[in-house]
Every structure is written in structure tokens, then in C-alpha cells.
Amino acid sequence: MTSDNSSKLPEFKFSLAGQKARELPMGWAKQATVMDFPVSKNIAGVLMYLKPQGLRELHWHANAAEWGYVISGNVRTTIINPEGQYETNEFREGDIWYFPRGHGHSIEGLGPDGTTFMLVFDNGAFSEFATFSITDWLAQTPREIVSKNLNADAADIKGLPDKEVYIVEIKDKLVNKKLNSSPLTHKYSLLSQNPLRNCDGGKLWLASSKVFPISSTMSGGILLLEPEALRELHWHPNADEWLYVISGKIRLTVFASSGLSSVNELSENDIGYTPMGYGHSIENTGDEECKLLIVFNSGVYEEISLSSWLASNPDELIAANLNLPDEIVRKFSQKETFIISGKK
Ligand code: MN
Ligand code: MN
């Protein structure tokens, strides 16, 4: 029996649908930071839409790396690293990018329909006073210095914005410069790969630094679960888990030790959060397959599942520990199940 003790715990669920968007003519953004969702101290998310030729302007994040997943449409990014190396990439649905903390980047929506993507940051407070935009910077710098730095007459730079523009329109076709390219790519085509786990009842595609080396502080991917399927009880020894429901309905259980736990019902557009080391499970409670974006604040993916833990201990130990007959324990799975199919 679980008692109703969740009031002693923070909320592990946040509805992005209830969040007000920052709306601009060429796109919008909705964010969930630690200010909105207090448990999410180490990971924050921004859902963004850009029309074709809408540009999320040149900027960097002083306190977080950025991990992006394309939900729909096409998008192009540019990035520079401290060695002066550049990369520009085009992405489509199912592709990921990773921008190390502090590296300067931009994101442009492409045709035909614009693009929706989720940005995930390995710091819950990535936004407040830590996102540095080029227009804000130049607007805040004495004009004589800007003029000297750009080697341009004051009269010629009159058009510089007097505050951050955030998203602007690109009017002309881009002509790429000759690039001194970065040795590690910032792009990984997640859904073009074979799934890491392919179980009866679901699949997991995962990009960790093992397959996407630049992504040294974050990993993540897509988890599909069929109706009634259960991603079994497990925990991650080294990372918090942030999840976003792209489609479907799920039940997320979170065990916080000390007799404390919480059961959370999530649907499309909801975010769930499980702190590092907390036990948890995810069950598809809807009639359709559910599609979840899951992201961790470590480049190394680690997990321990209940089934493999039980299977790796003597049956008699488990029987005594759980107060169950030996013959029942012998029927438990003898290896990790990972996903339990809902089909009988
Ligand atoms: Mn960014
Ligand atoms: Mn997990």
C-alpha cells in the first residue's frame, strides 16, 4: 500500500501547455526553468517554433550546454568554438544537436513549414541572466566602442537594435563562408540509427557520448511504449532524468526514499523530472503508442533496473528479503527486462 505522502515532496510534473509563450512575428518560445518547476534544478527545457527564415539570433549560454531535438520540420544551426572552428548543419525530425556551454550559436527555421524543436539545458537556471544575445550585447556597449570594433562609421551602424531582438527574419539567401570546421560534429541523426533497446512493448533510441562524442555533459533520446507497456522500475546512478511527452499518456512513479513517493499522470506537452538516484517507472496509460523525449545531465548513460538487480542476487536472498517463497522468486526474470509488454 502506498500512503498519500506526496505532499511532502516537490511536484515532479509540469504542464508546458499552461506556460505563456514569448511570441514574436517569426516564432515563439515556451520555457520551463527551475523558477517555474522547482524540482528541475539541473535541467531546463524550451519548446521553440520558428517560421521559415525565422532566426533565433546569435547567442550563448554562460552556464549550460544546449541539447536540441527536432520534433518537426527543418532547421539550420551555426556554431563557433573557442579554437575559432565553425560548423553549420541542417537537421530534420529525429535529429539532435549539442552545443557545449558558452559556445556561440544561432538557429534558423527552414521551409516549407517551419520547425518545432525542444531545447534542453544542463542547468535549471540556464535562462535567468545567463543567455547572452548579440543584439543585447551591442546595445549595451558604448556606441564608440561598437563602431571601433566593427570598423564602421557611427552613421553606418545607426540601424543596430537598441535591445535584444531574440528572433529576427532573414531576408536574403545565405551564402556560406569558407569554414575552418570543427573536428567533432555537433549533429547526430538519432532516429536514423538502430534503437539501443528493441523490446516487446517498446524501443529506446539513445545518444550518449559513446556514439555522439561532443555530447560530453548530456545524453538523451526517444522512448516509445506500446499501450500498457511498462518501462520497469529503475534508477540512474549518475544523472537526473528530464522527460517530455511528445504524444500519448503515461504514469510516472517516483520513489524518493524514506517512505516518500509520488505517482504522476502525464499527457502530451507535459514535462516530468526524476532527480538523480530516485527510483522510477513509466507506464503507457493511453490507447496509443506514446512517444517520450528523455534527457539526462550526463554524457554517460547509466541505469540499474529492478529485474537485473533481482536476477543477479541468489534466489534465497531475494526470497528472504521480500518475504516470498523460493519457488515464486525462481520464476522472476533471470535477466534485465527493461520494458514489460502490456500484452498478455
Ligand atoms: Mn541557445
Ligand atoms: Mn529513467
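Here is a chat about the metal site, the pocket and the cavities.

Mentor: Ground rules before we start: this is a predicted model, where local features need pLDDT of at least 70, side-chain atom pairs count only at pLDDT 80 or more, and totals for chains, interfaces and linings use all residues. Residues are numbered from 1 along each chain as its sequence is written, chains are lettered from A and ligands numbered from 1 in the order in which they are written, and side-chain values use heavy atoms, with hydrogens and water left out.

Trainee: Okay, which are the protein donors of the manganese ion (ligand 1)?

Mentor: H59, H61 and H105 each use NE2, and E66 uses OE, lying 1.9 to 2.2 Å from the manganese ion. Donors here are N, O and S atoms within 2.8 Å of the metal (3.2 Å for Na, K and Ca); water is not among the atoms, so sites may look incomplete.

Trainee: And how are the donor residues spaced in sequence?

Mentor: The pattern is H-x1-H-x4-E-x38-H. E66 sits in strand β6 (residues 66-72) and H105 in strand β10 (residues 104-110), 39 residues apart, so that pair links distant parts of the chain. Strands are DSSP runs (E, at least two residues) and helices are too (H or I, at least four), numbered from the N terminus.

Trainee: Is E66 buried or exposed?

Mentor: Buried, with a relative accessible area of 1%. H105 counts as buried too, at 1%. The cut-offs are under 20% for buried, over 50% for exposed and partly exposed in between (1.4 Å probe, protein chains only).

Trainee: Switching topic: how much space lies in the largest pocket?

Mentor: About 1,200 Å³. Of its 35 lining residues, L58, T78, S106, I134 and K177 are the closest to the centre. A pocket is an open set of points on a 1 Å grid over the protein atoms alone, with protein on both sides within 12 Å along at least five of seven lines; a cavity is a set where a 1.4 Å probe fits but cannot get out, and lining residues have an atom within 4 Å of a point. Points are joined across faces, edges and corners, and volume is the space filled by probe spheres set on them.

Trainee: Which element gives the most to that pocket's lining?

Mentor: β7, with 5 residues.

Trainee: What about cavities, how many of 30 Å³ or more?

Mentor: The search finds 2. The largest has a volume of about 60 Å³, and its lining includes R231, H234 and F338.
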